[in-house]
Amino acid sequence: MELNSVILTAGGSIGFFKLVNCGVSKLPIPESACRNAWKWRNVCTSFTHSLITGIWAVLCFFVHPQMAEDLIGTHSVFSHALVSVSIGYFIYDFLDMVLNQKMILSWELLFHHTVVISCFGIAVLTGRYVGFAVVALLVEINSVFLHLRQILRMASLAAGDLYRINSMVNLGTYVVFRINTLAWMTRWLVLNRENVPLFSYTAGSVGLAIMTAMNIVLFYRLLRSDFLKSSAPMPTEVKESRGQGEGKKEM
């Protein structure tokens, strides 16, 4: 994909998720979520992104399995488009938070999005490490359940069976698709040090270190909230630390 195509794809993604957000605003909102309607729309939009990109990331390796053997130089237009679309989403979400939420409440996610946009930007602009970025986006499989958890809490459904089942699936996929993915990416980067230029290696290492720290903190919060305490709704909602990435999704 040429630069113009990347800009067009990312721009189209920004517009698409803005439309999703507007569409959610036209739907009925649970009474318990009305006090923070912006957050309800934001989380539902994030859920949509995770559902699309999580499935898309898996399909990338299914359609083009050669990419798994060479995460640096091998990729398809399909996978390149995925990373470009995700850049568009993270730019949209960054702007949405800046315009609608106090900085003190969103600085962690704003920082996360900045790191993800930077690392994914390197991949799509250079045409290298796209496969690595797609691996990072596998964390979005967990983000589906992470966002669903928050939606259920905002809808005052945290005491039902659906919430408990989702909590268990969320924690399991968190370990498999978020923590293990980040650990595998870190190992891959170290083993391929000689094949990665210093700038890209530094950016990837710093990004992974930040994402790992953020995800460990989030894992502790989830474990404490859903399994070490009562299942009653907490006043502070936990939002997905993406990037990976989620990033990254996350890088």
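Me: Aspartate 226, buried or exposed?
Reply: Buried: in this predicted model aspartate 226 has a relative accessible area of 13%. The cut-off for buried is under 20%, so aspartate 226 falls on that side.

Me: Which arginine 153 contact does that aspartate make?
Reply: A salt bridge joins the side chains of aspartate 226 and arginine 153, at 3.7 Å from N to O. Aspartate 226 sits in helix H8 and arginine 153 in helix H6, 73 residues apart, and the pair links distant parts of the chain.

Me: And how accessible is arginine 153?
Reply: Arginine 153 has 4% relative accessibility and counts as buried.

Me: What does arginine 149 pair with?
Reply: With aspartate 226, again through a salt bridge, and the closest N and O atoms are 2.8 Å apart. Arginine 149 belongs to helix H6 (residues 140–154) and aspartate 226 to helix H8 (residues 198–226), so this pair ties together parts that are 77 residues apart in sequence.

Me: Is arginine 149 buried or exposed?
Reply: Arginine 149 is buried, at 0% relative accessibility.

Me: Why would such side chains pair in the first place?
Reply: Opposite charges on side chains can pair when the charged atoms come close.

Me: OK, how many salt bridges does the structure hold?
Reply: Three. Besides the two at aspartate 226, there is a salt bridge between aspartate 161 and arginine 164, with the closest N and O atoms 2.3 Å apart.

Me: Where do aspartate 161 and arginine 164 sit?
Reply: In helix H7 (residues 161–191). They are three residues apart there, so about one helical turn separates them.

Me: Changing topic. Where does UniProt put the transmembrane regions?
Reply: The unreviewed UniProt entry places the feature "transmembrane region" at residues 44–65, 71–92, 104–123, 129–148, 168–186 and 198–220.

Me: What does the model show for residues 44–65?
Reply: That span is 91% helix and 0% strand. Its end C-alpha atoms lie 31 Å apart.

Me: And for residues 168–186, how much helix?
Reply: Residues 168–186 are 100% helix and 0% strand, with end C-alpha atoms 26 Å apart.

How values were computed
Residues numbered from 1 in each chain as written. Predicted model: local features only at pLDDT ≥ 70, side-chain atom pairs only at ≥ 80, totals over all residues. Heavy atoms only, no water. Salt bridge = Lys/Arg side-chain N within 4 Å of Asp/Glu carboxyl O. Helix = DSSP H or I, 4+ residues; strand = E, 2+ residues; numbered from the N terminus. Buried < 20%, exposed > 50% of the residue type's maximum accessible area, 1.4 Å probe, protein only. UniProt positions renumbered as here; feature names shortened; annotations may be inferred.
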